[in-house]
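I opened my notebook to look through a protein model, one feature at a time. Here is what I looked up.

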Amino acid sequence: EPPDMHEPTQRWRCYVFKNEKNEEIIYLHRHPGFMFGRDRRIADIPLDHPSCSAQHAVLYYREIKEEREDGRVRKVVKPFLMDLGSTNGTQISGEKMEDHRYYEIREGDVVKFGFSTREYVFMVEGGKLADDVAAAREPAEPVIEVNPALLAPGDDDEAAPTSTAPAVASPPAEAPSAGTKHAREAEAEAAEGRQTMPRRESPTKEPAEGEPVPEHPPRTDD
């Protein structure tokens, strides 16, 4: 452990990608130090690829002095990564790291261990890069616009087209009387050159209750 090790003051995260797909998020703000390696009994962040070493690399938060643009010096806490002399080495943003030397981690740095194709991308929570990754990880649900007129009918009914014209109430239709109905039929048939015969009740009409049943004359064949 370095003598200037310090508790983190920013919420750093490590996004693990394989084949451009985000597989895991590692939260790095809960401890001042983390070990990467294949030995799961010791490593805080396991590396399962066979090209990685049992104790491959370590990450520590260190309090350092940083000069500002106005010339003043301030103390800041930043993460640093060191390769522990692994067999196949570590790369940070395409650069091979030297053994037992601290490298400052900057937002957006991509780290690869050994010959593993997994990429460990370091970001700060609330930063633009982290927000972009979160948006890609949780895509928004598509918005489907529904015509309110389609909600009233049943599933198999077709919705009637909506109209913006004001509705006009129609007067109630009057039931035609028997005389009016007969007159209309007579006029229609007269227009066609036919004569209307008066309607007769059916001979099979049942007599009213108490009325004597008429006797029908015997039928003779012509």
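**The pocket lining**

I began with the largest pocket and sorted its lining by class: eight residues are nonpolar, two are polar and six are charged. I noted that this is a predicted model. The lining has 16 residues. Glu 24, Pro 46, Leu 47, Arg 118 and Tyr 120 lie nearest the centre of the pocket. The volume comes to about 260 Å³. Next I asked which elements give two or more residues to the lining. They are strand 2 (21-27) and strand 4. Strand 2 gives the largest share, three residues.

**The whole chain**

I counted two helices and 11 strands in the secondary structure. From the N terminus the order is β-β-β-β-β-β-β-β-β-β-β-α-α. The protein has 222 residues, and 26% of them count as buried. I also looked up how far apart in sequence the contacts reach. Among contacts between residues at least 6 apart, 41% join residues at least 24 apart.

I followed strand 5 to both of its neighbours. Strand 3 (residues 33-37) pairs with strand 5 in the antiparallel sense, over four bridges. There I found Phe 36 opposite Ala 57 of strand 5.

On to the pairing of strand 5 (residues 57-67) with strand 6 (residues 73-83). This is antiparallel too, and I noted 11 bridges. Leu 59 has Leu 81 of strand 6 as its bridge partner. Glu 63 stands opposite Val 77 in strand 6. The hairpin of these two strands has five residues between them. In this hairpin, Gly 71 takes a positive phi near 95°.

**Arg 62**

I stayed in strand 5 to check Arg 62, which is found there. Is Arg 62 buried or exposed? Its relative accessibility is 18%, so Arg 62 counts as buried, the cut-off being under 20%. I looked for a polar partner next. The side chain of Arg 62 makes a polar contact with the side chain of Asp 4, at 3.1 Å. Leaving out residues up to four places away in sequence, I listed what Arg 62 touches: among them are Pro 2, Asp 4, Met 5 and His 6. The list also includes Val 76, Val 77, Lys 78, Phe 80 and Tyr 102.

Ile 92 stands opposite Val 111 in strand 10.

**Ser 51**

Where is Ser 51 found? I located Ser 51 in the loop between strand 4 and strand 5. Leaving out residues up to four places away in sequence, Ser 51 touches Asn 88, Phe 113, Gly 114, Phe 115 and Ser 116.

**Glu 20**

My last entry is another loop residue. Glu 20 is found between strand 1 (12-18) and strand 2. Its relative accessibility is 81%, so I put Glu 20 down as exposed. Glu 20 and Arg 118 are 98 residues apart along the chain, and their C-alpha atoms are separated by 9.0 Å. Arg 118 took me back to the largest pocket, where it is one of the residues nearest the centre.

Definitions and conventions
Residues numbered from 1 in each chain as written. Predicted model: local features only at pLDDT ≥ 70, side-chain atom pairs only at ≥ 80, totals over all residues. Heavy atoms only, no water. Pairing = 2+ DSSP bridges. 1 Å grid on protein atoms, 1.4 Å probe; cavity = no way out; pocket = protein on both sides within 12 Å on 5 of 7 lines; lining within 4 Å. Points joined across faces, edges and corners; volume = space filled by probe spheres on them. Nonpolar A, V, L, I, M, F, W, Y, C, P; charged D, E, K, R; others polar. Contact = heavy atoms within 4.5 Å. Buried < 20%, exposed > 50% of the residue type's maximum accessible area, 1.4 Å probe, protein only. Polar contact = N/O pair within 3.5 Å; in protein donor to acceptor, adjacent residues only side chain to side chain.
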